[in-house]
Amino acid sequence: MLSKIVKFGSVGALGSVTNISVFSALTFLGANYNVASILAFLVAVTQNYTLNKKWTFKEHNTKTRKKFIKYFILNFSSFFINLLVLNIIVLNFGDDNLTKILAQLLGIFTAMGFNFLGSYLIIFAKSKDEDE
C-alpha cells in the first residue's frame with residue numbers, strides 16, 4: 001500500500017502542477033478565480049485519472065466510462081473542499097494573484113487525503129489477493 005500512496009502522491013503532485021499552471025494562466029489573463037479553478041480542476045482530474053488507472057493502480061481494463069464517472073464524482077466532491085478553502089482564504093486575505101495561487105495550492109492539498117482513500121477503497125478497489 002505504501003507504494004500506491006507514493007505513486008498516488010506523485011500523480012497528485014503532477015496534477016497539482018497542471019492545475020496551478022492552468023489556474024495561473026487563466027487568472028493572469030483576467031479570468032475569475034472560481035472559473036479558473038473549475039477549468040484547472042477539469043484538466044487535472046482527467047490527467048490524474050489516466051495516470052492513476054494505468055500506473056498507480058495498474059488497471060488496464062479498457063471499459064473505463066463507469067469508473068471514470070465514479071472517479072470524477074469523487075474528485076468533484078473533494079473539489080468543493082478545494083473551493084471552500086480557496087474562497088475562505090481569498091475572501092479573508094485578499095485577491096491578489098499570489099494569494100489566489102497559494103490558496104488554490106492549499107485547497108488541493110486539503111482534498112488529497114479524501115481522494116486517495118476514495119480511489120483506493122472504492123474506485124480502484126481490488127480483492128486482497130490482487131493487491132501487492
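Helices in this report are DSSP runs of at least four residues, numbered from the N terminus. The model described here is predicted.

**Helix α2 and its ends**

Helix α2 covers residues 33-56. At its start, a side-chain oxygen of N32 comes to within 2.7 Å of the backbone nitrogen of N34. Just after α2, K58 has a positive phi of about 45°. The buried residues of α2 include Y33, A36, F41, Y49 and T56. Among the elements that cover the buried residues of α2 are α1 (2-28), α3 (65-93) and α4.

**A lysine in α4**

K100 sits in helix α4, which runs over residues 97-123. Is K100 buried or exposed? Its relative accessibility is 10%, and buried means under 20%, so K100 counts as buried. Leaving aside neighbours within four places in sequence, K100 contacts F23, Y33, L86, V90 and D95. A polar atom of the K100 side chain lies 3.3 Å from the backbone oxygen of D95.

**Aromatic pairs**

The structure holds 15 aromatic pairs.

| Pair | Centre to centre | Angle between planes | Type |
|---|---|---|---|
| F8 and F57 | 6.5 Å | 65° | edge-to-face |
| F57 and F124 | 4.6 Å | 10° | stacked |

How values were computed: Residues are numbered from 1 along each chain as its sequence is written. This is a predicted model: local features need pLDDT of at least 70, side-chain atom pairs count only at pLDDT 80 or more; totals for chains, interfaces and linings use all residues. Side-chain values use heavy atoms; hydrogens and water are left out. Helices (H or I, at least four residues) and strands (E, at least two) are DSSP runs, numbered from the N terminus. Buried means under 20% relative accessible area, exposed over 50%, partly exposed in between (1.4 Å probe, protein chains only). Contact means heavy atoms within 4.5 Å. A polar contact is a pair of N or O atoms within 3.5 Å; within protein, one must be able to donate a hydrogen and the other to accept it, and residues adjacent in sequence count only if both atoms are side-chain atoms. Rings of Phe, Tyr and Trp (its six-membered ring) pair if their centres lie within 6.5 Å; planes under 30 degrees apart count as stacked, over 60 as edge-to-face and the rest as tilted.
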